[in-house]
Amino acid sequence: MGRYDPVNFDALTAEDKKLYEEVRGNRPKLVGPFSALMHNPPLARAINEVVNAIRRDGKLEKRLYELVVLITVRHASAGYAWAVHEPLGRTAGLSAEVVDAIKAKKIPTFAKADEKAIYQATTELDAAYRALIDQFGLRETVEIVACVGLYCMVGSVINAFEVPTPDGEKPF
């Protein structure tokens with residue numbers, strides 16, 4: 001259990017209950033960073049909109065989106081986000097070698113130039129900016145940088161409130 005009590009669904013406004021149900025999705029209960037964020041529904045709503053704009057509506061290929069997320073959440077040691085996104089990254093096409101290296105905090109050997117550009121941009125953004133623009137263009141570069149910032153925030157929430165991983169595992 002984290003450092004907070006679950007949100008009292010019955011105490012939420014009708015609008016906030018709708019948001020709660022939206023972020024809960026098809027899960028039996030609200031989990032992850034939103035289990036803490038829903039204690040501040042306006043903030044949860046805004047962050048949910050950012051998540052949807054990047055994850056659901058973004059143009060970045062899912063394999064690369066998941067790479068950005070894994071690099072960022074590993075840097076933050078955000079266990080919940082790692083536990084959720086590691087299998088998503090593998091399913092999206094990231095190699096076991098890349099995922100395992102990131103988990104071990106090692107620099108992966110990349111077979112794909114786009115993955116190397118993402119890694120460099122995520123870990124050393126100023127030096128990699130030009131390569132990122134050349135590889136992806138401005139629109140997707142904005143998306144990549146925003147995704148890094150988003151998951152830095154998500155990692156902070158997960159760690160500050162000790163959000164437990166889905167199955168209680170300790171990935172790091």
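**Salt bridges, pockets and individual residues in a predicted model**

The side chains of arginine 45 and aspartate 16 meet in a salt bridge, with a distance of 2.9 Å from N to O. This pair links distant parts of the chain, since arginine 45 belongs to helix α3 and aspartate 16 to helix α1, 29 residues apart. The structure described here is a predicted model, and all values reported below were computed from it. Aspartate 16 counts as buried, because its relative accessibility is 13% and the limit for a buried residue is under 20%. Arginine 45, at 21% relative accessibility, counts as partly exposed.

Arginine 45 also takes part in a salt bridge with glutamate 15, in which the closest N and O atoms are 3.9 Å apart.

In total, the structure holds 11 salt bridges. A further one is formed by arginine 90 and aspartate 100, whose closest N and O atoms lie 2.7 Å apart. Arginine 90 is part of helix α5 and aspartate 100 part of helix α6; the two are 10 residues apart, and the pair links distant parts of the chain. Both partners are classed as partly exposed, arginine 90 with a relative accessible area of 31% and aspartate 100 with one of 41%. Elsewhere, salt bridges join Glu61, Arg63, Asp114 and Glu115 into a network.

Glutamate 140 presents a contrasting case. This residue lies in helix α8, which spans residues 125-160. Glutamate 140 is buried but has no salt bridge; arginine 139, the nearest side chain of opposite charge, is 6.5 Å away. When neighbours within four places in sequence are left aside, the contacts of glutamate 140 are with Lys59 and Leu60.

Helix α8 also contributes to the lining of the largest pocket. This pocket has a volume of about 450 Å³. Its lining comprises 26 residues, and those nearest the centre are Arg27, Phe34, Val51, Arg55 and Tyr151. Two or more lining residues come from each of the helices α1 (14-24), α2 (33-37), α3, α5 (79-92) and α8. Among these elements, α3 gives the most, with 6 residues. When the lining is divided by class, 15 residues are nonpolar, 5 are polar and 6 are charged.

The second largest pocket holds about 300 Å³ of space. It is lined by 15 residues, with Tyr4, Lys29, Leu30, Val31 and Ser35 nearest its centre. Of the lining residues of this second largest pocket, 11 are nonpolar, 3 are polar and 1 is charged.

Helix α3, which covers residues 41-56, includes alanine 53. Alanine 53 has a relative accessible area of 43% and is therefore partly exposed. The C-alpha atom of alanine 53 is separated by 8.9 Å from that of glutamate 143, although the two residues are 90 positions apart along the chain.

Backbone geometry was also examined. Most residues other than glycine have a negative phi. Lysine 105, which is not a glycine, has a positive phi near 60 degrees. This residue is located in the loop between α6 (96-103) and α7 (113-123). With a relative accessible area of 53%, lysine 105 is exposed. Glutamate 162 likewise has a positive phi, of about 50 degrees, without being a glycine. Glutamate 162 is placed in the segment after α8, and its relative accessible area of 41% makes it partly exposed.

Definitions and conventions:
Residues numbered from 1 in each chain as written. Predicted model: local features only at pLDDT ≥ 70, side-chain atom pairs only at ≥ 80, totals over all residues. Heavy atoms only, no water. Helix = DSSP H or I, 4+ residues; strand = E, 2+ residues; numbered from the N terminus. Buried < 20%, exposed > 50% of the residue type's maximum accessible area, 1.4 Å probe, protein only. Lys, Arg positive; Asp, Glu negative; His and termini not counted. Salt bridge = Lys/Arg side-chain N within 4 Å of Asp/Glu carboxyl O. Contact = heavy atoms within 4.5 Å. 1 Å grid on protein atoms, 1.4 Å probe; cavity = no way out; pocket = protein on both sides within 12 Å on 5 of 7 lines; lining within 4 Å. Points joined across faces, edges and corners; volume = space filled by probe spheres on them. Nonpolar A, V, L, I, M, F, W, Y, C, P; charged D, E, K, R; others polar.
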